[in-house]
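Please set the sequence and the model side by side before reading on.

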Amino acid sequence: MPDEVSLTLRRIRDSRNLVGTNFRDLYVRLMTSQVLSDVEHTDVLRFGIFMSRSSDDAVRRLGYRIFLQYGEV
């Protein structure tokens with residue numbers, strides 16, 4: 001099993017930690033059922049996988065929420 005990732009919701013909420021990523025935009029678009037390209041779907045799943053490996057329960061739940069919402073697309 002892959003190693004756990006040290007990530008917290010506080011780090012995710014701090015916009016300085018998201019510089020150079022499109023996580024926030026993709027997450028909003030996914031949650032509002034907007035159309036995503038194949039590449040964007042892949043990126044969303046990558047974020048979900050990364051978050052599901054977190055040692056922080058809240059971040060891990062966010063990763064699972066991404067998977068559940070992805071399943072609705």
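The sections that follow describe the chain as a whole and then turn to its details.

## Basis and confidence

This is a predicted model, in which local features need pLDDT of at least 70 and side-chain atom pairs count only at pLDDT 80 or more, whereas totals for chains, interfaces and linings use all residues. Residues are numbered from 1 along each chain as its sequence is written, and side-chain values use heavy atoms, with hydrogens and water left out.

The mean pLDDT (the predictor's confidence in each residue, from 0 to 100) is 85 for the chain, and 89% of its residues reach 70 or more. Confidence is lowest in helix H1 (residues 9–13), with a mean of 75, and highest in H3, with 92. Where pLDDT is low, the predicted coordinates should not be read in detail.

## Overall fold

The chain has four helices and zero strands, and along the sequence its pattern reads α-α-α-α; helices (H or I, at least four residues) and strands (E, at least two) are DSSP runs, numbered from the N terminus. Of the 73 residues in the chain, 32% are buried, where buried means under 20% relative accessible area, exposed over 50% and partly exposed in between, with a 1.4 Å probe and protein chains only.

Among contacts (heavy atoms within 4.5 Å) between residues at least 6 apart in sequence, 55% join residues at least 24 apart.

## Packing of H2 against H3

Helix H2 (residues 23–31) packs with helix H3 (residues 38–52) at an angle of about 105 degrees, and their axes are 10 Å apart. Axes here are lines fitted to C-alpha atoms, for helices over the stretch in contact, and angles run from 0 to 180 degrees between N-to-C directions. The angle makes H2 roughly perpendicular to H3, since angles of 65 to 115 degrees count as roughly perpendicular, under 35 as roughly parallel, over 145 as roughly antiparallel and the rest as oblique.

On the H2 side the contact is made by Phe-23, Leu-26, Arg-29 and Leu-30, and on the H3 side by Glu-40, Asp-43, Val-44, Phe-47 and Met-51. These residues divide into six nonpolar, no polar and three charged; Ala, Val, Leu, Ile, Met, Phe, Trp, Tyr, Cys and Pro count as nonpolar, Asp, Glu, Lys and Arg as charged, and the others, Gly among them, as polar.

## Salt bridges

The whole structure holds four salt bridges, each defined as a side-chain nitrogen of Lys or Arg within 4 Å of a carboxyl oxygen of Asp or Glu. One of them joins the side chains of Glu-40 and Arg-29 at 2.7 Å, N to O, and this pair links distant parts of the chain, with Glu-40 in helix H3 and Arg-29 in helix H2, eleven residues apart. Both Glu-40 and Arg-29 are buried.

Arg-46 and Asp-43 also meet in a salt bridge (3.8 Å, N to O); they are three residues apart in helix H3 and therefore separated by about one helical turn. Arg-46 counts as exposed at 55% relative accessibility, whereas Asp-43, at 19%, counts as buried. In helix H4 (residues 57–72), Arg-60 and Asp-57 lie three residues apart, about one turn of the helix, and their side chains form a salt bridge at 2.1 Å, N to O. Arg-60 is partly exposed, with a relative accessible area of 22%, and Asp-57 is partly exposed, with 45%. Salt bridges that share partners join Asp-25, Arg-29 and Glu-40 into one network.

## A loop residue with positive phi

Ser-33 lies in the loop between H2 and H3, and its phi is near 60 degrees, a positive value in a residue other than glycine. Most residues other than glycine have a negative phi. Ser-33 counts as exposed, at 59% relative accessibility.
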